[in-house]
Amino acid sequence: MNLDDELRSALRRDNPSPDFARRVVAQAKFSAKPKKSMPRMMWAAAIAAILAVGFTAPYEYRQMKAERAASDAVLALRITAEKLNMTREKVLRIEN
Amino acid sequence: MLTQGIAAAVPQIMTDDPDRFEELVREHQAMVFSMACRYLRNRALAEEIAQDVFLQLYRKLATLESPEHVLHWLRWVTAHRLIDHSRQEKRRPQSPLEEAPEPAAADPTNNADPLLSDMLRDLVAALPENARVVMILRYQEDLDPMDIARALDMPVATVKSHLQRSLALLRDKLRDKLARTKGVGL
């Protein structure tokens, strides 16, 4: 007995049930459409958008922080001016 | 001839034509199903796994470039799917009914001794996962060690060692089994 031949014979291909292919196709139609690969132009556009956001975001963040600091400074100056006016009025009252 | 037909069919399958996809399934169903069936010794489960493999193929078709690529992909996915399945099964307790091997379908064209073939299928199905897949690709698909190594991403030396060890093991176990059933050695 030749073991190689016996193994080839024992492990030879066998077919699934006759309606197997039809069942697979029916299942495929309902469960999953083949995914179309994204065109290269779309990949390029997506990468460009990510890079643009990546480069402009820090600049916009710095600008937003500067605007907030400027408005805080204006508010601080207004408060200081009010305090100075109140002090000036008190000094004038004491002098009179 | 058939390969040429499929070669022409592959780009059209990518355009969602279910008839073309059915042709592709018919072309490869015996290979995928038989790998699963020899590995698992369970026809119903083998059909289930083969169906999953083909559904995965359907979703993946647009990325496969040629009929050879499809064939290689199917072998690779089926082999790894089977290994993963048996590793998961090891962690799950099984009922005796699930463990019972499926009887092989009668094949009038096969002249081999059905008892011996059945014993060999049992012995192959009892091998460790990687060795089992290597033996199935060698004797069912008639691949040489180099092709098996490529199909499984495995070093050729490992494939050869699996083949040698499995054959030695099968020879010993078969000799014991035959001695017990017939009272004669190999």
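Student: How many helices and strands are there in chain A?
Tutor: Chain A has 3 helices and 0 strands, where helices (H or I, at least four residues) and strands (E, at least two) are DSSP runs numbered from the N terminus. Along the sequence, the pattern of chain A reads α-α-α. This is a predicted model, in which local features need pLDDT of at least 70 and side-chain atom pairs count only at pLDDT 80 or more, while totals for chains, interfaces and linings use all residues. Residues are numbered from 1 along each chain as its sequence is written, and chains are lettered from A and ligands numbered from 1 in the order in which they are written.

Student: What share of chain A is buried?
Tutor: Of its 96 residues, 9% count as buried, meaning that 20 or more other C-beta atoms, placed from the backbone, lie within 10 Å of the residue's own.

Student: And how many residues does each chain bring to the contact?
Tutor: Chain A brings 30 residues and chain B brings 39, with two residues in contact if their C-beta atoms, placed from the backbone, lie within 7 Å. Helix 2 of chain A gives the most to chain A's side, with 10 residues.

Student: Switching to chain B, what does helix 3 pack against?
Tutor: The buried residues of helix 3 of chain B, including B:Ile49, B:Phe54 and B:Leu57, pack against helix 2 (20-31) of chain A together with helix 2 (18-40) and helix 4 (67-90) of chain B.

Key:
A residue is buried if 20 or more other C-beta atoms lie within 10 Å of its own, exposed if 12 or fewer, and partly exposed in between; C-beta atoms are placed from the backbone.
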